Amino acid sequence: MTHRIHNFNAGPATLPLSVLEEVQAELLDFKGCGMSIMEMSHRSPEYMEVHTEVQTLTSELLGLGDDYKVLFLGGGASTQFYMIPQNLLSGGRKGDYIVTGTWAKKAAKEAKLFGEVHIAHDAANADGKFTYIPTQDQLHLSPDAAYLHYTTNNTIAGTQFHYYPKAPAGVPVICDMSSDIFWKKFDPRPFGLIYAGAQKNLGPAGVTMVIIRKDMLDRCADGIPTMISYKTHADNDSLFNTAPVFPIYVVGKVLKWIKALGGLGAIEKRNREKAGLIYGAIDANPDFFRSPIQRESRSVMNIVWRLPSEDLEKTFIAEAKKSGLGGLKGHRSVGGCRASTYNAMPIEGVKALVGFMEAFAKKNG
């Protein structure tokens, strides 16, 4: 077998080994078709079976029911930053935005190009860093907003909502779940729209999952570019143009893997155990490892910490890589260290990291 490290990258991120092996086995000849799925028409019956199955698995695992459409779009989650307001903020409407990290800030910036934006809470500290998640009581919400937008998990900052913000009556909630979708079960009913770039917790880069409640389609503007309209993609089952066939196919295999593990309840238990081990190592060595995040806001998916000096951080990251632990460098905007423990990260990888952290602290502390 090819040598593989424990991959803690924040995205594109690790995928289940069994999924990669299945993809490898089918890469040249998909189910006896004599061609790769990457070479196949997106309207062929063989691909259509995959397409429908991924939609069905998504609905089943999240408990969506018939009120939602599952769409597969291109452009990454960043395209949704402007696609959402272009569909939903026309005619002088206003959107509420909770800004708790870099991506939420960018989403609010894009929305201002199409309508009024009200910042319900800005969690940036005086130095521009994001270290906490606001409580429901700290949110200043507009009763007449077209929607409330927030980001569940902040990949760069290492913070995560551990509750679901409530919007005023009649205001739908729109959520960027790019880095923590499918990490646990939740009630989808308050959400008018959920979107997620695949490359963190779902599959490879190249497809964005959009889950839209059908009544939201009636709120979407007419007279906008065809490819930007949710109505276009909902009416054509995400096949108005060539779908990102290969990433969708891999997402389907990841969802099957989640189901085989026992579904979202089992995944949540596994994810909490992994995060608990790393936070335990950080908290057990407070003179050497420091978490900049308020304890109640700590992310289960992206765990960040600092060492006593930047030089030690560079040494830690370099030696970890030599030990088969990759992707531990923090985002360039915040520095430090970061371990992304998405669904596909095995517990063995986390235990190896914790062992390395403890040994490094003992040696250098």
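This tour of a predicted model visits a pair of helices, a lysine and a phenylalanine.

Begin by selecting helix α2, residues 45-62, together with helix α7, residues 245-261, whose axes come within 9 Å and cross at roughly 45 degrees. Because of that angle, α2 is oblique to α7, and the crossing of the two is left-handed. To see how the contact is made, show the side chains on both helices: α2 contributes Tyr47, Val50, His51, Glu53, Val54, Leu57, Thr58, Glu60 and Leu61, while α7 contributes Val245, Ile248, Tyr249, Val251, Gly252, Leu255, Lys256, Ile258 and Lys259.

Next, select Lys200, which UniProt lists, in an unreviewed entry, for "modified residue: N6-(pyridoxal phosphate)lysine". Lys200 is placed in the loop between β9 (191-197) and β10 (208-213). Its relative accessible area is 16%, so Lys200 counts as buried, the cut-off being under 20%. Leaving out residues up to four places away in sequence, Lys200 touches Ala10, Gly11, Ala13, Thr155, Ser178, Ser179 and Tyr342.

Finally, move to Phe316 in helix α9, residues 310-322. Phe316 is buried, with a relative accessible area of 0%. If its neighbours within four places in sequence are set aside, Phe316 is in contact with Phe289, Trp305, Leu307, Leu328, Cys337, Leu353, Phe356, Met357 and Phe360. For a distance to check in the viewer, pick the C-alpha atoms of Phe316 and Ala361, which are separated by 9.5 Å although the two residues are 45 residues apart along the chain.

Technical notes. Residues are numbered from 1 along each chain as its sequence is written. This is a predicted model: local features need pLDDT of at least 70, side-chain atom pairs count only at pLDDT 80 or more; totals for chains, interfaces and linings use all residues. Side-chain values use heavy atoms; hydrogens and water are left out. Axes are lines fitted to C-alpha atoms, for helices over the stretch in contact, and angles run from 0 to 180 degrees between N-to-C directions. Helices (H or I, at least four residues) and strands (E, at least two) are DSSP runs, numbered from the N terminus. Angles under 35 degrees count as roughly parallel, over 145 as roughly antiparallel, 65 to 115 as roughly perpendicular and the rest as oblique. A crossing is left-handed if the near helix is turned anticlockwise from the far one by less than a right angle, and right-handed if clockwise. Contact means heavy atoms within 4.5 Å. UniProt positions are given in the numbering used here, feature names are shortened, and annotations may be inferred rather than shown by experiment. Buried means under 20% relative accessible area, exposed over 50%, partly exposed in between (1.4 Å probe, protein chains only).
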